[in-house]
Amino acid sequence: MEQIERARDLACRLLANSIPRRWSHSQGVARKAESIAHLVGRDASALVSSAWLHDIGYAPDLSMTGMHQLDGARYLRDVAQADALVCRLVAHHSCAFIEARNRGLSEQLASEFPPVEGLISAAITYADMTTTPLGEPTEVEQRLAEIIARYGDGDVVAESIREASPLIVDSVRIITEALAEG
């Protein structure tokens, strides 16, 4: 529980005043992660913590590469000294490896933060991609369309999300099925 509180407080400090819409989104993602945390067992705290922190790389003082997943994970590792699993989940949330490749940052991402496999990876993607920018629940297809429209054709984020869409939809399906079973 302490890990989650520290994550929430850090995300609030970095996002609430400088990027309030991003803070609203992060609050919604954390609520969603809390609602599915039971699916990942002993990694529940890491899931919820990473949900709070997943977008801190957008904070003006942290943005270095233009890739929020990598910038946020580096800050968590180097400054906040966060748990390694939390750093890896932030670094790789929502199929970040595709954006890293499209930005020429694949080697840095993979060597600094090994990918996370399994249900917890699908869970952080589910929490992020079923939450609107205002922190409200949404369907994954609407969220994907919103991101692509917000960034626009030709933007590296929009093109990366477009490419990642089948994998993101699959992550949402995996968690939806796990919730139905449990």
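The model is predicted: local features need pLDDT of at least 70, side-chain atom pairs count only at pLDDT 80 or more, and totals for chains, interfaces and linings use all residues. Residues are numbered from 1 along each chain as its sequence is written, and side-chain values use heavy atoms, with hydrogens and water left out.

**Exercise 1.** Describe how α9 packs against α10.

Solution. 
- Two packed helices are described by the angle between their axes and the distance between the axes.
- Helices are DSSP runs (H or I, at least four residues), numbered from the N terminus.
- The axes, which are lines fitted to C-alpha atoms over the stretch in contact, have angles from 0 to 180 degrees between N-to-C directions.
- For α9 (residues 140-151) and α10 (residues 156-181), the axes come within 9 Å and cross at roughly 170°.
- That crossing makes α9 roughly antiparallel to α10, a term for angles over 145 degrees.
- On the α9 side, V140, L144, I147, I148 and Y151 take part, meeting α10 residues that include V157, I161 and R162. Contact means heavy atoms within 4.5 Å.
- The contact residues comprise 11 nonpolar, 1 polar and 1 charged. Ala, Val, Leu, Ile, Met, Phe, Trp, Tyr, Cys and Pro count as nonpolar, Asp, Glu, Lys and Arg as charged, and the others, Gly among them, as polar.

**Exercise 2.** State whether S160 is buried or exposed, and what S160 touches.

Solution. 
- S160 belongs to helix α10.
- Its relative accessible area is 4%, so S160 is buried (under 20%; exposed is over 50%; 1.4 Å probe, protein chains only).
- Not counting residues up to four places away in sequence, S160 touches I98, E99 and N102.

**Exercise 3.** Find how many residues of α4 are buried and what covers them.

Solution. 
- In α4, 8 of 11 residues are buried.
- Among them are H68, D71 and R74.
- The cover includes α1 (2-15), α3 (44-53), α5 (84-92), α6 and α7 (106-112).

**Exercise 4.** Characterise the largest cavity and the largest pocket.

Solution. 
- On a 1 Å grid over the protein atoms alone, a cavity is a set of points where a 1.4 Å probe fits but cannot get out, and a pocket is an open set with protein on both sides within 12 Å along at least five of seven lines; lining residues have an atom within 4 Å of a point.
- The largest cavity has a volume of about 210 Å³. Of its 21 lining residues, Y58, H68, M129, I147 and I161 are the closest to its centre.
- The largest pocket has a volume of about 340 Å³. Of its 16 lining residues, C95, V116, E117, S121 and S171 are the closest to its centre.
- A volume is the space filled by probe spheres set on the points, which are joined across faces, edges and corners.

Terms used. Helices (H or I, at least four residues) and strands (E, at least two) are DSSP runs, numbered from the N terminus. Angles under 35 degrees count as roughly parallel, over 145 as roughly antiparallel, 65 to 115 as roughly perpendicular and the rest as oblique.
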